Amino acid sequence: MLHEPSSHEALCGIPWNEERVLSAIRTVIADAGRAYDPSGAWPLHPLDAGEADDDWGGVSHGVYLGAAGTLWALHRLVAHGPFETSLDLPAAGAGLYEHYLARCHAPDEPMPSLWVGEAGVLLVAETLAPGSGRAELLADAVRRNARNETLELLWGAAGTMLAAREMHRRTGEERWAEIWGESASELLSEWRFDEAFGCRLWMQVINKRASQGLGVAHGFAGNILALLDGLHLLPPAERDEVVVHATRTALATAVVDNGRANWPVAAGLPLEGHQQTRTQWCHGAPGIVSSLAALPSDPELDAILVAGGELTWQAGPLAKGAGLCHGSAGNGYAFLALYARTGDEIWLARARSFAMHALAQLDGQRELHGPRFGLWTGDIGTVLYAWQCIGGDPALPALSVW
């Protein structure tokens, strides 16, 4: 069984409606403006309690589910769409890092992570309030994170590499390419051939547990996403190695059946049981497809990515909710990625079907629990995905686009 049926639900079948998308975005933006707190954040939603550390004091300033991610999404929508916000985004960005530091009191804070630590906060501050003097602090955070033993996206070097690459894009300064390269060298040195699987894998150590993760949030696919983002910064021979071995690993670890494909949470784990059969962005086919779709075309890889998209479609939207990390909207990015890779309109149609379903789920969640603030778990991530479905944009928020 390639997916867990109880984790999914049937599509609601609501036709694509661009006006419905625009209305939902305006509602979420207005709610965010009303609920913004003087602490420089939004209150954590009850459904995010399991995601957050008990010491966070009911708020977060990070990218994943905190203020940095929400502010970035508001900026993205206002800058690129017909939307307005009551918030002074440059002012909020200018004070974001100080608000983050004021909340830090755990022994491991501030941590240099992109999504739950200071690197992401600093990058968003530079995005909303350019020239705020945070670049040196960001460079230091990326360097400190180069040897992070998690070897993954949320806490590890792969995430902070994305921050360095974004600063290189914006400034053209060679030092950012050098900083990116330092982390890339460390990451590549830990990508080792495993005889049992016949491919290269990373060994992540997270909370003292070791595993060869495959997904985008905590494994192989997330590391490849970061390496592909700056692939041209590597020497030609290393570029070719990344492409060849990423393709081999994707093929070697896939479980394929009848034109569908999925990947277990980690290499060597059986693809069975509710905890291992994941079909969501963070673990499983949707995230792996959306992360690896930037690899050069290869007949076998093309087929396996399409098979992952077929599984995502046949499994249906996720029953647990609408959001990005482990919700229906996040799964839809696999369809947008395949649309960009293949040009086949069926993938855009499927992405839009998931968008309309996710908006219906969002309505139901808001009736029960009220607005949920946070980019990768909350409302604004869902409507941002729906916005991207208008033009078919596959860029992953606060990962492949900043």
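Student: What lies over the face of Trp-191?
Tutor: Arg-200 does, at 5.6 Å from the ring centre. For a charge to sit over a ring, NZ of Lys or CZ of Arg has to be within 6 Å of the ring centre and within 35 degrees of the ring normal. Bear in mind that this is a predicted model, where local features need pLDDT of at least 70, side-chain atom pairs count only at pLDDT 80 or more, and totals for chains, interfaces and linings use all residues. Residues are numbered from 1 along each chain as its sequence is written, and side-chain values use heavy atoms, with hydrogens and water left out.

Student: And what sits over Trp-347?
Tutor: Arg-350 lies over that face, 4.9 Å from the ring centre of Trp-347.

Student: How many aromatic pairs are there in the whole structure?
Tutor: The search finds 15. One of them is Trp-191 with Trp-202, which is stacked at 4.6 Å centre to centre and 5° between the planes. Rings of Phe, Tyr and Trp (its six-membered ring) pair if their centres lie within 6.5 Å; under 30 degrees between planes is stacked, over 60 is edge-to-face, and the rest are tilted.

Student: Which residues form an aromatic cluster?
Tutor: Tyr-64, Trp-115, Trp-281 and Trp-376 form one.

Student: Switching to helices: how do α6 and α8 pack?
Tutor: Helix α6 (residues 157-171) and α8 pack at about 20°, with their axes 9 Å apart. That angle is why α6 counts as roughly parallel to α8. The cut-offs are under 35 degrees for roughly parallel, over 145 for roughly antiparallel, 65 to 115 for roughly perpendicular, and oblique for the rest. Axes are lines fitted to C-alpha atoms, for helices over the stretch in contact, with angles from 0 to 180 degrees between N-to-C directions. Helices (H or I, at least four residues) and strands (E, at least two) are DSSP runs, numbered from the N terminus.

Student: What about α7 and α8?
Tutor: α7 packs against α8 (residues 220-229) at about 140°, with the axes 11 Å apart. So α7 is oblique to α8.

Student: Last one: where's Leu-348, and what does Leu-348 touch?
Tutor: Leu-348 is in helix α13 (residues 345-369). Leu-348 counts as buried because its relative accessibility is 7%. Leaving out residues up to four places away in sequence, Leu-348 touches Leu-336, Tyr-339, Cys-389 and Gly-392, where contact means heavy atoms within 4.5 Å.

How values were computed: Buried < 20%, exposed > 50% of the residue type's maximum accessible area, 1.4 Å probe, protein only.
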